[in-house]
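I opened this notebook to keep track of what I looked up, one topic at a time. The structure goes in first, and my entries come after it.

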Amino acid sequence: AIDGVTGEKGLTGYAVFATSYIATVLATYGRADPSFLKELVHRHPRLIEMFRFYIDVWCGQRYYPHIGDCAGFATPDPGYVAVAFTQHPGIGPSMYTFLQQLTEITADPVFTQVLYKANDSKTSGLPYDMFAVNPEKFQQRVASLIEKNGVAPKAISVNKTEWHLAILKDGAAEKQRALWLDYDSGGYHSHSDGLNIGLFAFGLDLLPDFGYPPVQFGGWGAPRARWYTMTAAHNTVVVDGRNQINLAKSYPERSGFKGLPAGKTSMWGNGNTVRIVRAEAPNVYDIARYERTVAMADVSDKEFYVFDIFRVKGGNDHARMTYSGFGSVTTEGLNMSSAPEYGYDTQLRNFRTDTAPNPGWSADWKIEDRYSQRLPGENVHLRLTDLTQAAEASLAEAWISAGRGDDGEWIPGVMTRRRTDKGELHSDFVGIIQPYLDHPFITSSHRLPSPAGSVAAEIRLQDGRRDNWMATDSSSVNHTINIGEDLQFKGDFAFVRRGADGKLLALAIHDGGTLRVGGWEFEFVSKAGFIEIVIEDGGAALSSGSRNSVVKIKHDGRAVRLRVRK
């Protein structure tokens, strides 16, 4: 019913029970009638989505987003969870056989790639099926498909609009990274986590969800178990200290999935340099605006950063929470002193606050590789650079439990907070999230002047390249953003990258508009979706989006034909 699955939360736990049991039933019937599974998929093609879902949302074949009641803090997920693999099924059906049947029915090799990984990336022993007619032929077929298609599915960005989960992916093998955005609140086994984000890079979970509530500390109603489900325990914004609405838990007669406060995506782009998603979910708080835009910008084949805009209108206290993994944190640009705790029954302590920092301060986590996912001696960092204006900055400690045998521990967290006692508050939180090894590759970042309600920022990279981000208020897209004398944008959202010599390298625009930069002029059809263009060989080439979207391009006053990049 929900993107091929049940819609249950607890993505790696409760949510997979149905898929696992259904796979066993289908494989059992398929043994009695060889044509059964193919006919069933023909009648109900959405059935394939049930097993494809857990391939699409698997990041680097190493992590799943821990959404709702599932998993532990920052723990890896090295196995495909939608079926229960065993090498000793007895007279029961083999999930290795079942997944290979899905490949043969759909001509999609991803199911073979998954079963191959589940067998320790080898063919020997397959398919562990007492009823297999020709195991040798099965192994040869798997080997052939792996040789042709590789050992792992390609990193493809996905937006599960019914489950309300968007994942931006890029890179291959050890360089793969993924940024996810959860845009609903509520449902069975859910948390109040609307517009929560997570990030996987360098083999680690760098923005982890806290995981399954620690019910060993007094049951589901105990403060520490409730803490895990609270909005303040997630990488999102808390309004007035309240938890987001969770209809499934508040109103039993409306429990399930149709009653949960669900958001929607209003921007989606999957380019070669920039990948972006924007989601709106004001109903999780019943306020006028609750909207987050997150973008991944590639810097090299292994380096990237995240540009984050979180807009909130309603209430009078907005607090954006940021938690990374195990480790320590240092700050720059802050003058902090002891401050009152946040309160609201959260498990937070030891607050130190700068009540009036200049935008551009940063917090840098040195990540502890608790689960030995990296080579010894490698230093993984996550740096948050905050460009939010007129905001307080706090460093605090958040309680978590990393295992059932411990008493818990405290990890560092950062809170960016805006408050007013003069009516409704309107906040634009702006942040840059930079994962890196040893040394950061961003040398500077700052906000630029822009019309009210708009955001303009510039990021300078170590090799001299400059990135500009421009976002107007969606209710006032007629605003024009001017950056210096040679960059002008009128529209919804744009990204521009220039080289150390100032020449245009790439741009991305959402929903049309006009852009003028360094002698180039671009005019787009309005509401044209996402378009990415690269400048190469003295011309402009479309790398993502529809060619029909562009109506006019000029360089130094001369018309330029748009090529389609190969």
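The entries below go through helices, sheets, an aromatic pair and a few single residues.

**Ground rules.** I am working with a predicted model, in which local features need pLDDT of at least 70 and side-chain atom pairs count only at pLDDT 80 or more, while totals for chains, interfaces and linings use all residues. I number residues from 1 along each chain as its sequence is written, and side-chain values use heavy atoms, with hydrogens and water left out.

**Entry 1, α1 and α2.** I took helices as DSSP runs of H or I with at least four residues and strands as runs of E with at least two, numbered from the N terminus. I looked up how helix α1 (residues 17-32) lies against helix α2 (residues 36-43), and found that their axes come within 8 Å and cross at roughly 125 degrees. Axes here are lines fitted to C-alpha atoms, for helices over the stretch in contact, and angles run from 0 to 180 degrees between N-to-C directions. That angle makes α1 oblique to α2; under 35 degrees would count as roughly parallel, over 145 as roughly antiparallel, 65 to 115 as roughly perpendicular, and the rest is oblique. On the α1 side L26, Y29 and G30 meet F36, L37 and L40 of α2, where contact means heavy atoms within 4.5 Å. Sorted by class, this contact has 5 nonpolar residues, 1 polar and no charged. The classes take Ala, Val, Leu, Ile, Met, Phe, Trp, Tyr, Cys and Pro as nonpolar, Asp, Glu, Lys and Arg as charged, and the others, Gly among them, as polar.

I next asked which residues of α3 meet α5. The axes of α3 (residues 47-56) and α5 (residues 110-118) come within 11 Å and cross at roughly 55 degrees, which makes α3 oblique to α5. I noted this crossing as left-handed, a word used if the near helix is turned anticlockwise from the far one by less than a right angle, with right-handed for clockwise.

Helix α4 packs on α5 at an angle of about 160 degrees, with the axes 8 Å apart, and that makes α4 roughly antiparallel to α5. The crossing of α4 past α5 is left-handed. From α4 the contact takes Y96, L99, Q100, L102, T103 and T106, and from α5 it takes F111, T112, V114, L115 and A118; these divide into 7 nonpolar, 4 polar and no charged residues. In the loop between α4 and α5 I found A107, whose phi is near 60 degrees, a positive value in a residue other than glycine.

I followed the chain to the loop between α5 and α6 (135-149), where P127 lies, and a cis peptide bond joins L126 and P127, with omega about 5 degrees.

Two strands pair if DSSP finds at least two bridges between them. I traced an open sheet of 5 strands in the order β1-β2-β3-β4-β5, with antiparallel pairing. Its edge strands are β1 (158-160) and β5 (204-205), each pairing on one side only. Within it, β3 (residues 177-182) and β4 (residues 196-201) pair over 5 bridges, and A178 stands opposite F200 in β4.

Which strands stand at the edges of the sheet of 8 strands? The order is β7-β8-β9-β10-β19-β16-β15-β12, again antiparallel; β7 (264-270) and β12 (327-332) are at the edges with a single partner strand each, so one side of each is left without a neighbour in the sheet. Neighbouring strands are turned by 15 degrees against each other on average, direction ignored. I also saw that β15 (residues 361-367) and β16 (residues 380-386) pair in the antiparallel sense over 6 bridges, with W365 opposite L382 in β16.

Rings of Phe, Tyr and Trp (its six-membered ring) pair if their centres lie within 6.5 Å, and planes under 30 degrees apart count as stacked, over 60 as edge-to-face and the rest as tilted. By this rule I have 30 aromatic pairs. One of them, F73 with F326, is edge-to-face, at 4.9 Å centre to centre and 85 degrees between the planes. This pair links distant parts of the chain, 253 residues apart, with F73 in the loop between α3 and α4 (95-106) and F326 in the loop between β11 (317-323) and β12.

I finished in the loop between β12 and β13 (337-338), the place of L334. L334 touches D354, P357, W361 and A393, not counting residues up to four places away in sequence.
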